[in-house]
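Subject: Structure handover

Hello,

Please find the structure below. My notes on it follow.

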Amino acid sequence: MKFAHVSGLGIGIIAASILPSASADLLITAAYDGPLSGGTPKGIELYVENDIADLSAYGIGSANNGGGSDGEEFTFPAMGATAGSFIYVTTNDTAFSDYYGFAPDFVSSSMSINGDDAIELFHAGKVIDVFGDINTDGNGTPWEYLDGWAYRVDGTPANGGLWDDASFTYSGANAVDGCSTNDTCSSVMPIGSYGGGNGGGNVVIIEQMGYDFVPAIAEVNIGDTVRWIWGGGNHSVVDSNPGTCDSVGAWFYSDLDFDTQIVEWVVPEDAPESIYYICDVGFHCKGGMVAELVVLDAGGVDSDGDGWDDDVDNCPDVANPDQADCNGNGIGDACESYEDCNGNGVPDECDIANGDADDCNENGVPDMCDYKNGDLHDDNGNGYPDECETELPFIQLQEIRIDQPGADDDEYFEIRGDMSMDLSGVWYLVIGDGSGGSGVIECAIDLSDMAIPQNGSLLVAEDDNTFGVLADYVLPGALNFENSDNVTHVLVMNFYGAINDDIDADDDGNVDYAPWQDTIDGVRIIEDPTGGDHTYLMDEGVGPTDDGFVPAHVYRYTSACGHFAIGEYDPEDPDAVDTPGTENPACPSDCPADVTGDGEVNVNDLLAVIGGWGGSDPVFDIDGDGVVAVNDILVLIGAWGPC
């Protein structure tokens, strides 16, 4: 607690709301050995950490010259003490008043201490706090306070009798020699400034001087302690209605007189911006004994107590600390009438907008509620409303490139289907390992706005020039396909999941749930067929390459076999078979010398090869060296007979 101002200070103890006493509710905050005649004032300051119902459970004693404990030498009277207040015990009340400017609370010979003596604080006969080492003469120790003072570090709790030098700050010996008052001394003890666990704000001093409160307007903050100091006569402090002399007492009401020389009040969190107060004794208020506290950090009115002032609360009459306003109309959900068919406390329209509920028929009602209402059905049990299902298109995934030397600028995928076929509801997914293990949706591309071109091949690429071909759809950055590990590329219908969804949470290789209507086509691209990440959904897998890597390029043969094959890593390789946007190669023949296709290598095949002599027609170029020549005849003769 910081100390704002002290002048003409008189300390009293006020009764307040009563809480059960606890041994940590009181602690020693200062020890002082003054410079006036006889080394006075001598004594201690105590701080009331929490309200104390009966102070008589506490007592103090001094341990002189390192001679050990003398036990409890002074016991406090039966009375209450208020949290945040201070108690002063001295041997000489006149010297105390002269030096510190206000009267002490108690006078006791138990505080006949010099700057080398330790002090003990007792609760129910047990030591709960100690200043100094009771078994050590303090001369020359770090805690010596001869003609000086020691003051407790803010927030340091009672030590239970185990002394620690670091828990106090010290003026040093002889620091106050020659001083007549604490205020004018070059070494000022920070009296009444300790900040414990019940606050930490300022102590704001307001003095009663004749028929005035000084200052008449005091600025405070929540948590500050306001301390009114008696200056003579019989007075009071009580809050009032502004401009009147009505005694209200909603915030504080206490006498301020010889018996109650200090009134303390801690500014609460719900304090208003201004508190007008008066002295209601006799005609003092009408004579002008009025004043005001200005609470600088006061909040406004919070009618529903949810922590939001009414002027900014989007639902001021119903507590809604989260201020949820899912539709953004400025009215809190807690105050707005809305449909909530699934009873989750969120308006249906927001469940749908946030993607937490599907609305396939776009009627503003979550599908799960349409099911219950009988407005949607799922007779085929695929988890997607029958009324919203689209017939699966007959399309095939034809070709994929996921890697190449250097930057992967030419990633693409190709789909074949009937010309002008609408791909509404079709999605392209890649399922890999992500950050959650196998079965993570790494890529999800909606093809709904696309259609199969006239040539029957839809090319979707990352670049607008893919091996000299202009793609039908260019999606920069969307095709960053994983080019290591095992992955699954798949076409699905009506995907309603999201990227990073984990469809195999336990990584057992089985899909836990499939957030789409149906699976159309796809392929598993394999790097490690014996382990690694799982692949899903498709029977057909392709890979690894002969050198043990995941295929950089895969394509599907277009003729009857229809299987996937491995292409080349480098698209510039002469053997590469990238055919983006056009039909892929046919299935390789099991009998290449049967150029006529009649199931037998015979003279008809020989005549056909001779007819193509010198050309490069791959049908007649049996050995694949680029020219029809004698080597092809030799291969043909070697295969003579039925295939």
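The model is predicted, so local features need pLDDT of at least 70 and side-chain atom pairs pLDDT 80 or more, while totals for chains, interfaces and linings use all residues. Numbering starts from 1 along each chain as its sequence is written, and side-chain values use heavy atoms, without hydrogens and water.

The patch covers about 810 Å² and consists of V603, L607, I610, W613, V630, L634, I637 and W640. Patch residues have over 30% relative accessible area and no salt bridge (a Lys or Arg side-chain nitrogen within 4 Å of an Asp or Glu carboxyl oxygen); nonpolar side chains are joined within 5 Å. Areas are Shrake-Rupley values with a 1.4 Å probe. W640 sits in the loop between α5 and β33 (641–642).

Helices (H or I, at least four residues) and strands (E, at least two) are DSSP runs. In strand β18 (residues 262–266), 4 of 5 residues are buried. Strand β15 (residues 225–229) runs antiparallel to β18, with 5 bridges between them; pairing requires at least two DSSP bridges. I229 has I262 of β18 as its bridge partner.

There is 1 cavity of 30 Å³ or more, where a cavity is a set of points on a 1 Å grid that a 1.4 Å probe fits but cannot leave. The largest cavity holds about 60 Å³. Its lining has 13 residues (an atom within 4 Å of a point), and G34, Y99, Y100, G148 and V176 are the closest to its centre. β2 (26–36) gives the largest share of that lining, 4 residues.

Regards

Technical notes. Patch = residues over 30% accessible without salt bridge, like charges linked within 9 Å, V, L, I, M, F, W, Y side chains within 5 Å. Buried < 20%, exposed > 50% of the residue type's maximum accessible area, 1.4 Å probe, protein only. 1 Å grid on protein atoms, 1.4 Å probe; cavity = no way out; pocket = protein on both sides within 12 Å on 5 of 7 lines; lining within 4 Å. Points joined across faces, edges and corners; volume = space filled by probe spheres on them.
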